[in-house]
Amino acid sequence: MGEPMDLNGPKTNGAAETELTETENELYDRQIRLWGLECQKRLRTAKVLISGLSGVGAEITKNIILSGVYAVNLNDHRNVTEEDFCAQFLVPRSALGKNRAEASIERARALNPMVKISADKESLAEKKAEYFTDFDVVVIIGALDSELLRINQICREKGIKFFSADVWGTFGYCFADLQDHSYIEDTVKHKVVSKPNEKTKTELVTTTVQKELKFPSYESISQFDVNSPTFQKKLKRTGPAFILLRILQKFRDKHNRDPSYLLRQEDIKDMECLAKELINTPFAASDMFEYVFSQISPAAAVIGGVLAQEIIKVVTRKEAPHCNVFLFDPETCCGFIETIGVN
């Protein structure tokens, strides 16, 4: 797919790669008005891998394709099941039993014919480091902790922006490791424009400022001590959503699957046992386990929308990205940012 773009400064092989055509200017007119022509040009060169075509994977795919990136690769070795029809709108009913990535590609291409879209049904476990170097942004959904750690490490070594995300029922999260990320932000200040001895008059002046953020790796999430006194104090304010994330990820690692509505009571008991192993204090919100079966479409839309917006921020290098975990609480139906492992 060619040389990946450096998101701290796009690499191009000439104006033909970054200049928008007349058709693209018309198609992306509203977006250009929103975030500017230069940002749209940066999107125009970006190549994105989305691995895991679940309901939230479909939401991210839709939003990223509509934004006008250069290319999207859809990767998934799993087949379409009845459960997918709860939230995965890219696969038709007739695709039951077929590969999820291949079944999603026709509707994905119909969203925006300007974007190059391909499907890959090989398992992530079979992908070597070289595979990921073709992409500027890598999004991993539905993977084991060991795979997330492995791929995140590859992305750090290659300078690739890394995201992971998932939805369990009405609970969801997304995580970003952007390593050393620079971006621009508009700051607004009042400037005095009145003359001496006149009544003070001011006007708003917008200044563009370049800033930098340093992100920790996924290991900071996987190995985070939820029993630390500092984190325990925060629980009264933020709630136990992050602990629920770690329990669900441990459940997946243990069973190589997510909680099943067909095994509801058995799986809830298992999650309660995992909670006792993970946290020293009683897990007060264990009733949240009732909300983590299948993928519910509204939750997938929230997580998919937030993560897609973060990808757009990263590629365009405009505005501060979330640092570093976004959590959607199923009890309050509210999302919030949790900063984990950041010094």
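## The loop that carries V91

In this predicted model, V91 is placed in the loop that runs between strand 2 (71-75) and helix 6 (100-111). Once neighbours within four places in sequence are left aside, the residues in contact with V91 are V80, F85, R100, A103, S104 and R107. The C-alpha atom of V91 is 8.4 Å from that of I105, a residue 14 places away along the chain.

## T61 in helix 5

T61 is part of helix 5, which spans residues 55-67, and T61 is buried, with a relative accessible area of 0%. A polar atom of the T61 side chain lies 2.7 Å from the backbone oxygen of G57. Beyond the neighbours within four places in sequence, T61 is in contact with I50, L53, L74, L90 and A108.

## K116 and the segment it touches

K116 lies in strand 3, which covers residues 116-120. Not counting residues up to four places away in sequence, K116 touches Y70, A71 and V72, and with Y70 there is also a polar contact of 2.8 Å between the two side chains. The C-alpha atoms of K116 and V69 are separated by 8.6 Å, while the two residues stand 47 residues apart along the chain.

## Aromatic pairs and charges over rings

How are the rings of W168 and Y173 arranged relative to each other? Their centres are 6.3 Å apart and their planes meet at 15°, so the pair is classed as stacked; W168 and Y173 are both buried. The pair of F224 and F231, by contrast, is edge-to-face, with 5.3 Å from centre to centre and 80° between the planes. The two partners of this second pair fall into separate accessibility classes, since F224 is partly exposed at 24% relative accessibility, whereas F231 is buried at 2%. In total, the count of aromatic pairs comes to nine.

One aromatic cluster is formed by Y131, F132 and F135. The charged end of K127 sits over the ring of Y131, at 4.1 Å from the centre of that ring. Elsewhere, R264 lies over the face of F293, with a distance of 4.3 Å from the ring centre.

## Cysteines without disulfides

How many disulfides does the structure hold? The number is zero. C86 takes part in no disulfide, and the cysteine sulfur nearest to it, that of C333, is 17 Å away.

## Backbone geometry between helix 13 and strand 9

Most residues other than glycine have a negative phi, and most peptide bonds are trans. Against that background, the loop between helix 13 (297-316) and strand 9 (325-329), where N324 is placed, deserves a look. The peptide bond from C323 to N324 is cis, with omega near 5°.

R317, found in the loop between helix 13 and strand 9, has a positive phi of about 60° although it is not a glycine. E319 has its place in the loop between helix 13 and strand 9 too, and its phi is positive at about 80°, again without the residue being a glycine. Is each of these two residues, R317 and E319, buried or partly exposed? R317 is buried, with a relative accessible area of 14%, whereas E319 is partly exposed, with a relative accessible area of 42%.

## Domain layout

The domain assignment of the chain gives domain 1 as 22-179 + 297-338, domain 2 as 181-211 and domain 3 as 223-290. Between domain 2 and domain 3, the C-alpha centres lie 47 Å apart.

Notes:
Residues are numbered from 1 along each chain as its sequence is written. This is a predicted model: local features need pLDDT of at least 70, side-chain atom pairs count only at pLDDT 80 or more; totals for chains, interfaces and linings use all residues. Side-chain values use heavy atoms; hydrogens and water are left out. A disulfide is a pair of cysteine sulfur atoms within 2.5 Å. Helices (H or I, at least four residues) and strands (E, at least two) are DSSP runs, numbered from the N terminus. Buried means under 20% relative accessible area, exposed over 50%, partly exposed in between (1.4 Å probe, protein chains only). A polar contact is a pair of N or O atoms within 3.5 Å; within protein, one must be able to donate a hydrogen and the other to accept it, and residues adjacent in sequence count only if both atoms are side-chain atoms. Contact means heavy atoms within 4.5 Å. Rings of Phe, Tyr and Trp (its six-membered ring) pair if their centres lie within 6.5 Å; planes under 30 degrees apart count as stacked, over 60 as edge-to-face and the rest as tilted. A charge sits over a ring if NZ of Lys or CZ of Arg is within 6 Å of the ring centre and within 35 degrees of the ring normal. Domain bounds come from an automatic or database domain assignment.
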